[in-house]
Amino acid sequence: MGDPLERLGSQASMATESVMKEDLCLEIDPPLTESVATAEDWRRALGKVVPAVVVLRTTACRAFDTESAGASYATGFIVDKRRGIILTNRHVVKPGPVVAEAMFVNREEIPIYPVYRDPVHDFGFFCYDPSAVQFLTYQEIPLAPEAASVGLEIRVVGNDSGEKVSILAGTLARLDRDAPHYKKDGYNDFNTFYMQAASGTKGGSSGSPVIDWQGRAVALNAGSKSSSASAFFLPLQRVVRALSFLQKSIDSRTDKPKAVHIPRGTLQMTFLHKGFDEIRRLGLRSETEQVVRHASPTGETGMLVVDSVVPSGPADKHLEPGDVLVRVNGTVLTQFLNLENLLDDGVGQILELEIERGGQPLSVSVSVQDLHSITPDHFLEVSGAVIHPLSYQQARNFRFPCGLAYVADPGYMLFRAGVPRHAIIKKVANEDISSLGDLVSVLSKLSRGARVPLEYMSHTDRHRKKSVLVTIDHHEWYAPPQLYTRNDSSGLWDAKPAIEPASVSPSIGNNGFPISQDISLCHHDTEPMHEVNVRGVTDIAAIMETSSGDGSQNDFGSEAKKQRVDEDSSDGIAANGSLYGSEFKSDDAMETDTTVLRDFEGATALSANASLAERAIEPALVMFEVHVPPSCSLDGVHSQHFFGTGIIIYHSSNMGLAVVDKNTVAISASDVMLSFAAFPVEIPGEVVFLHPVHNYALIAYNPSAMDPASASVIRAAELLPEPALQRGDSVYLVGLSRNLQATSRKSIVTNPCAALNIGSADSPRYRATNMEVIELDTDFGSSFSGALTDEQGRIRAIWGSFSTQVKYSSTSSEDHQFVRGIPVYAISQVLEKIITGGNGPALLINGVKRPMPLVRILEVELYPTLLSKARSFGLSDEWIQVLVKKDPVRRQVLRVKGCLAGSKAENLLEQGDMVLAVNKMPVTCFNDIEAACQTLDKGSYSDENLNLTILRQGQELELVVGTDKRDGNGTTRVINWCGCVVQDPHPAVRALGFLPEEGHGVYVTRWCHGSPAHRYGLYALQWIVEVNGKKTPDLNAFADATKELEHGQFVRIRTVHLNGKPRVLTLKQDLHYWPTWELRFDPETALWRRNILKALQ
């Protein structure tokens, strides 16, 4: 394990690298020898060097090998002015896709592209067009590796700690330091010496030249140690060799650029230089030491010892850790540089190595392998995951053979299955995976929605293989699999489809048959389908690492989203008022189901401690697991993975409906899995209704996806909305544990009408408003959800989870959740409209279009105030008497907290207004407002206004306020432009009471690492109101404005933050790695479709 204080000189994420190297002091060690250079000499040298040092702004567009996606800046310097070559570190050039610019000291900025990154050592080259630098006179910095010596006074010139130019002094103290070990699972240099000095470099100084008083670069700054002011410099001998090849390649070009080939050889093994004293303890013979000392240069203090060997490499089975290298091809060899010369010049040849192992001399023959052949130059991108052949760097870190299928970034599909970063994929769909080609071949045979086993290994638990279930994305959350290949001629990574479209199997529905795009209409729906939405789900924060680190990964998050099938039977409402549907089964199926049901009931009866309510409600309990794709984390959803308990409220042969809180299901773009307590079966579900106000969502599932045995034992719960619960009533709290065990307890209602008051989160997301909830004397804690029932198991309320954010200070906050009872009266009303047909657009559920309900609401946030306090605000005694007579229990009046921006009530009601009556009827609670809104829909005329009697600053006023109709679809369209995800402002944002005056704008809900939005600071929580001077009031206008922009074009963006602060920034569009696309729910197929709006041809 490496020293945690040793850090690379460049940051791997967004801004500076100071996070990686904290608490460095800038004290300078006294020089070991007196410098012969004068201050004037240094001034002349720095006058030449500073103009040739550039600030590098790099963006790693994808995670690859040892590096994560992100934006950072570092330093480079010109080593060839005529050819336009910049030298910097390998971890700056990046092993994967990178977009970079160089900024000179006079603030000229030019694009640069990578031409070489060394597979092992920490150096690489960028190229640029020399003619692009128009206003600066500069010279190249010569490389002088031979000038480095102990005691040499040096200067490190670069971009240190975010400064444009920083010059740090130091003295070379060592030339033979071991290569620093930065991370156990990241990039590390090896098989070389490093130099060390007390120069105290910090973040941003990676790639800085280490110069002497003559202005020559004697080393390359690479990293530092945070516990002291020590800095690590890379010697330049191998850099000079690589630069020579690069210059020859550029000179040999004609009119078309070509890739640079720099020969590099390897034995896939790591050596350490150890002193003679330690080597003697390893068993080195005295006569061998005498021969080595005599044949080595004066001052040699040790020899090379094998530290590690990569499995299946050329040296595997030949060399072992602890072997002492004596000779190579008959010549005594003790230095890294001499060994590398032999390897680089001998690719494909056989080397004769003479070693000593425990005092025994041995001779072995090994073949020199081409180092570039085990350095990945391509990767597969599928569902946001980046998978490529295991590199030499990571194979050395993890002790796996090179070339295996390595997960650099799990993305969505693999994360959902619990596959971590750095995993090695061994099997998919029971087929062995030994290379990336094998993986592509298997994926080409799988259809969308397919669920297959995947076997992987992790370096943290290398002796055990883990098996999980992975689900191929059913919806088009991401682009089809792409294969990227590095093009050293252009500096880009060229993409092509990894799987030919013709080879992709059709999506498979829950009935086992391919999904047809043309679904015939059955049932009672004969109207054309309007805008339709189907949802995934999301919300109750459960950390994914818990499951991904466990070998017994649960199966919850691994299922595809449910496909729709045609219905050929009708639903109905049972005569007793409970919402069951008719079921049609054959005689054999009925007999089988009866047997299974009898066994199930017998097993339930064995639970002696279970209450009658628990036994009655258990067949209706269901556990939800929800995953949200990062590509469409909409509406401020704060996690990717959620759990929660729901209740089945309708179950027939052709449709099932379950209700769950919106802290488990919050947005439509999600993947939902349902696991039933009644029978060990797990199937996907679709969100069909998200209530715009109340904290509940309805999820549909397809009973025909189950076998008859499981479908027969599942039962819908009976809803009992009336009479309302009263204080002191006894109820049973029933729910499920994570292992699907029903749990219950008897509790007492302490407050049946507690008004919620949940503040807005830092990142606005759904929060329950205008709701009264039920409080109990005892429960099972804040993570337990379920239902409140009577003794017969009839549902009186949903025991749901609510999300809130506790703020400790202006900069510190933490997400919390609590549970309360949600009355079922609103649920039963919506359920009846879904079954009988609503008044809104149709929604495709299990292949049949059903008209869905619309909810009329007053878009005003209210809160109750006690009448005793309202009197102080000017409420008259007459009104107090009226309100007390109306509701002697609550004794409260509703006040306006705020209006949703853009609502019909926005400019009519003011904060602090008391709402006394609606349509001349006194109101004291939120239910009164809802009832008045529903009355408008029941009338024969289409009146959308409420007549409100309010009290404002002691004056009684009569106002006519408009209402709004909302569907249960949620957000159904999102655009990804330059890596920022934009949508129309969702209700939680509008509830802040503010929209930009410049036409409202589109709202940035999140951004992607390594994107132009990341690079230029176009972050979330702001509106984009203009693009190049064109107003963007909505998504259509925004799409039209961005379609006109070309690749590489700088774009002027005007934004307004949530705090109201306007800002103008510029952004360079990159269509190569970040095309503009939208994700929209397609009502014709009940699928989320991904459409490309703008991309390179």
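Let me begin with Ser 785, which sits in the loop between strand E39, residues 772–776, and strand E40, residues 786–789. Please keep in mind throughout that this is a predicted model. The UniProt annotation "active site" covers Ser 785 together with His 524; that label comes from the record.

Is Ser 785 buried or exposed? Its relative accessible area is 3%, and because buried means under 20%, Ser 785 is buried. Which residues surround Ser 785, once its neighbours within four places in sequence are left aside? Ser 785 is in contact with Gly 644, Thr 645, Asp 661, Gly 735, Leu 736 and Trp 799. For Thr 645 there is a further detail: its backbone nitrogen lies 3.1 Å from a polar atom of the side chain of Ser 785.

With that site in view, let me turn to the protein as a whole. The chain has 1097 residues, and 59% of them count as buried. There are 20 helices and 61 strands. Among contacts with a separation of 6 or more, 70% are made by residues 24 or more positions apart.

How many cavities of 30 Å³ or more does the structure hold? The number is 11. The largest cavity contains about 120 Å³ of space. Its lining is made up of 14 residues, and those nearest its centre are Asn 191, Gly 265, Thr 266, Glu 340 and Leu 343. At least two lining residues come from each of three elements: strand E14 at 265–266, strand E15 at 269–275, and helix H6 at 336–345. Helix H6 supplies the largest share, with 3 residues. Sorted by class, the lining of the largest cavity comprises 9 nonpolar, 3 polar and 2 charged residues.

The class composition of the lining of the second largest pocket is 21 nonpolar, 13 polar and 14 charged residues.

I would next draw your attention to one arginine, Arg 973, which is found in strand E53, spanning residues 973–977. Arg 973 counts as buried, because its relative accessibility is 14% and the limit for that class is under 20%. What does the side chain of Arg 973 meet there? Another, of 2.8 Å, is made with the side chain of Glu 1078. Not counting residues up to four places away in sequence, Arg 973 touches Gln 983, Leu 1035, Asn 1036, Ala 1039, Glu 1078, Leu 1079, Arg 1080 and Trp 1088.

Finally, some points of backbone geometry. As background, most residues other than glycine have a negative phi, and most peptide bonds are trans. Pro 723 lies in the loop between helix H13, residues 708–713, and strand E37, residues 730–736.

Ser 312 is not a glycine, yet it has a positive phi of about 65 degrees. Ser 312 is found in the loop between strand E16, residues 302–309, and strand E17, residues 324–328. With a relative accessible area of 59%, Ser 312 is exposed. Asp 635, although not a glycine, also has a positive phi, of about 55 degrees. Asp 635 is placed in the loop between strand E31, residues 621–627, and strand E32, residues 641–651. Here the relative accessibility is 14%, so Asp 635 counts as buried.

Definitions and conventions: Residues numbered from 1 in each chain as written. Predicted model: local features only at pLDDT ≥ 70, side-chain atom pairs only at ≥ 80, totals over all residues. Heavy atoms only, no water. UniProt positions renumbered as here; feature names shortened; annotations may be inferred. Helix = DSSP H or I, 4+ residues; strand = E, 2+ residues; numbered from the N terminus. Buried < 20%, exposed > 50% of the residue type's maximum accessible area, 1.4 Å probe, protein only. Contact = heavy atoms within 4.5 Å. Polar contact = N/O pair within 3.5 Å; in protein donor to acceptor, adjacent residues only side chain to side chain. 1 Å grid on protein atoms, 1.4 Å probe; cavity = no way out; pocket = protein on both sides within 12 Å on 5 of 7 lines; lining within 4 Å. Points joined across faces, edges and corners; volume = space filled by probe spheres on them. Nonpolar A, V, L, I, M, F, W, Y, C, P; charged D, E, K, R; others polar.
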